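Take a walk through this structure with the sequence at hand. We stop at a few residues, a helix pair and a pocket.

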Amino acid sequence: MESRDRLAVDIGGTFVDSITFDRDTGEITVGKASTTPSNPTEGVLNAIEKVGATLEDVEAFVHGTTLGINAFLEREGARTGIITNEGFKDIFEIGRTNLQRESMYDIRYQKPELIVPRRRRIGVPGRIDANGEVSEPLDEDAVREAARELVDDHDVEAIAICFLHSYRNATHERQAAEIIRDEIPDVTLSQSSDITREYREYERTSTAVLDAYIKPIFESYVEKLDGSLRDDGFDGSFFITRSGGGTLTAENATTAPVHTILSGPAGGLIGASHVGDVTDRENLIAVDMGGTSLDACVIEDGSPAVEYDSTLGHMPMMIPVYDIRTIGAGGGSIAWLDGDFLKVGPQSAGADPGPISYGRGGTEPTVTDAAVALGYMDPAAFLGGEMDLNQTGAVDGIRDRIADPLDMSVNEASRGIFDVTLANTVGAIREITVEKGLDPRDFTMVSYGGAGSLFVPLLAREIGADEVLIPHAPSVFSAWGMLMADVVYDMAQTSITVLDELEYEAFDEQFDELESEGARTLGDEGYGPEDRTLERLVEMRYLGQEHTVEVSADDLTNLDELGDRFEARHESRYGHTMDDPPEVVHLRVRAIGENDKPAIDAREPADEATVEPAGEREAYCFAERAETTFGVYERAQLQPGHEIPGPAIVQEPTTTIVFHSDQVAQIDEYGHILISGGE
């Protein structure tokens, strides 16, 4: 039988989400299984079993994983060393003099402990100058000795190689890598020039170190998962989502796994962009609230915001990454007392033991337990009835840990847990909107993740967003977004030149070289010219500035036009232009291999706008600040054109949607739930 299914699996902190798409019938099936932190492969295979996928019929498997970021955050990566130029081994420690904003005025601030201490950083003779010319040959014997010292004396498992100006000429890095592979074939290597060809030696070093730090763990996981899939009959293509959108083949992902370090959240943004395109909504705030965290990102003019100089913890990453704000505010976030102050997160009950209401031994009250206590969730209908929630345990846990110590009722304590979580999340949304000159009232919020639909309509009331869009199967929406992902590779080259001094022909030739590289890479993976898109981008600034703005260079006929685009972009971003000459900094090509995607089809409207609830439930309404009667609806009964007044609860097998008395929901032609109103 010819393969026809596409399968996507997204690992979260509490659940593993799975979704299949049958290309012949258009049918989509979703499922959830518990995350298995000690053996992630087990959770993935369990999630695949939940959707009944026959792996022999799967032509493509797309995977989003938090393995890389978790290894870094939990400091469980490989023992890593650095080989660099003689005299420059402390670049990684010196870094930049600027501090994170939250630490700027902290007189007790201490720099975080480095994942590569000084004793595991070695400099070797050899130098390439800023023009890419070899000014001193690489000392090959010194490279051998350095590698041997790192492995034999310091038990290093991975080595990051980063030489000065390798973005201009990578010869010395390639030489060093060949020498080490011949000398010590078992050690894992990461070359900065294989990951990025942009200037700034500290950022390149940090990126290469992150790659080396997670690479052995990532390679082992992908190899184990791929083997398990193949043993069960899978013979299709294996893709992993990228932090900056799109996917990579699993083979290429293991070559530079740092590109997947924010792999999980990227799927939701791909899906949100697609939904926005279909529904003619170009400006969105995507909010993914799962079991352990809340991720938020702005989608402006149809495209998620991308950074090329992001950070993970205190370490910069010089790779394309969606500009996502992540905070410890999920369904599993633990409520706790700091003296008489109620706090929520960032600690999470995770998947094991999970919230008290899961009945798996959890003892710390969480946001999910507060939702159960406030009446939002039906204890007998969780995960479509597959799992019963312990409502009594949740109430008792909140009473013992929060309510009694603060001399308040369980209801007041549960409301307080929601209020504190709301305050935490509003700050994250303001960072990516108001603090960047964007008005949240001009955006539609797209809510997804297991806890998103429970909470985001309340968040929209607080920040003044006019509309919340809840897509189909929001709890597995990130996995659905992965089905929408194309294969994407980013090629970049630093080329700092004042625009007036640049010749268009030379400029065009540089882009031609990057495009040839992108087309060759896609061609090697089976994408013909008809399935490829090559996008040209330029990062520019005014002479004397430090930071850049990104400008499209597609359909460009002359450099004056590029200058006009830059000034329009600068004025849009910063509100002004300058008299200084524009300067080109980086040339970028995004090479896209286009995949088949599930269609979102319009449906026939209902005969009437009104729909009767399936039942009623007493729950807490934040608009009235009181207990009141909520109408309870089953999402499967809702059709386009239906209108539901708040307060209401909409249930579906894998999530619960809650909106309040000053809000109203409408079902659009595609079956999305649109919630509006609220102050």
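Is proline 117 buried or exposed? Proline 117 is buried because its relative accessible area is 18%, and buried means under 20%, exposed over 50%, and partly exposed in between, with a 1.4 Å probe and protein chains only. Look for proline 117 in the loop between helix H3 (91–94) and strand E6 (121–124). Helices (H or I, at least four residues) and strands (E, at least two) are DSSP runs, numbered from the N terminus. Now find cysteine 162. It is 45 residues from proline 117 in sequence and 16 Å from it in space, C-alpha to C-alpha.

A word on the source. This is a predicted model, where local features need pLDDT of at least 70 and side-chain atom pairs count only at pLDDT 80 or more, while totals for chains, interfaces and linings use all residues. Residues are numbered from 1 along each chain as its sequence is written, and side-chain values use heavy atoms, with hydrogens and water left out.

Serine 475 is next. Its loop runs between strand E24 (467–470) and helix H14 (477–483). Serine 475 counts as buried because its relative accessibility is 3%. Which residues does serine 475 touch, leaving aside its neighbours within four places in sequence? Its contacts are Asp17, Lys32, Gly449, Gly450, Thr654 and Thr655. Contact here means heavy atoms within 4.5 Å.

Now turn to the backbone. Most residues other than glycine have a negative phi, and most peptide bonds are trans. Arginine 200 has a positive phi, near 100°. Its place is the loop between helix H6 (192–195) and helix H7 (201–231). Aspartate 301 also has a positive phi, near 55°. The loop between strand E14 (294–300) and strand E15 (303–304) holds aspartate 301. Aspartate 301 is exposed because its relative accessible area is 53%.

Two peptide bonds deserve a look. From glycine 345 to proline 346 the bond is cis, with omega near 0°. Proline 346 sits in strand E22 (residues 341–348). From glycine 646 to proline 647 the bond is also cis, with omega near 5°. Proline 647 is in a loop, between strand E31 (643–645) and strand E32 (648–652).

Next, a pair of helices. The axes of helix H1 (residues 40–50) and H7 come within 10 Å and cross at roughly 35°. Axes are lines fitted to C-alpha atoms, for helices over the stretch in contact, and angles run from 0 to 180 degrees between N-to-C directions. H1 supplies Pro40, Thr41, Val44, Leu45 and Ile48 to the contact, and H7 supplies Tyr221, Lys224, Leu225, Ser228 and Leu229. By class, seven of these residues are nonpolar, two polar and one charged. Ala, Val, Leu, Ile, Met, Phe, Trp, Tyr, Cys and Pro count as nonpolar, Asp, Glu, Lys and Arg as charged, and the others, Gly among them, as polar.

A pocket is an open set of points on a 1 Å grid where a 1.4 Å probe fits, with protein on both sides within 12 Å along at least five of seven lines; lining residues have an atom within 4 Å of a point. Of its 34 lining residues, Ser193, Asp194, Ile195, Asp490 and Glu517 are the closest to the centre. Strand E25 (487–498) is one of the elements that give two or more residues to the lining. E25 gives the most, with seven.
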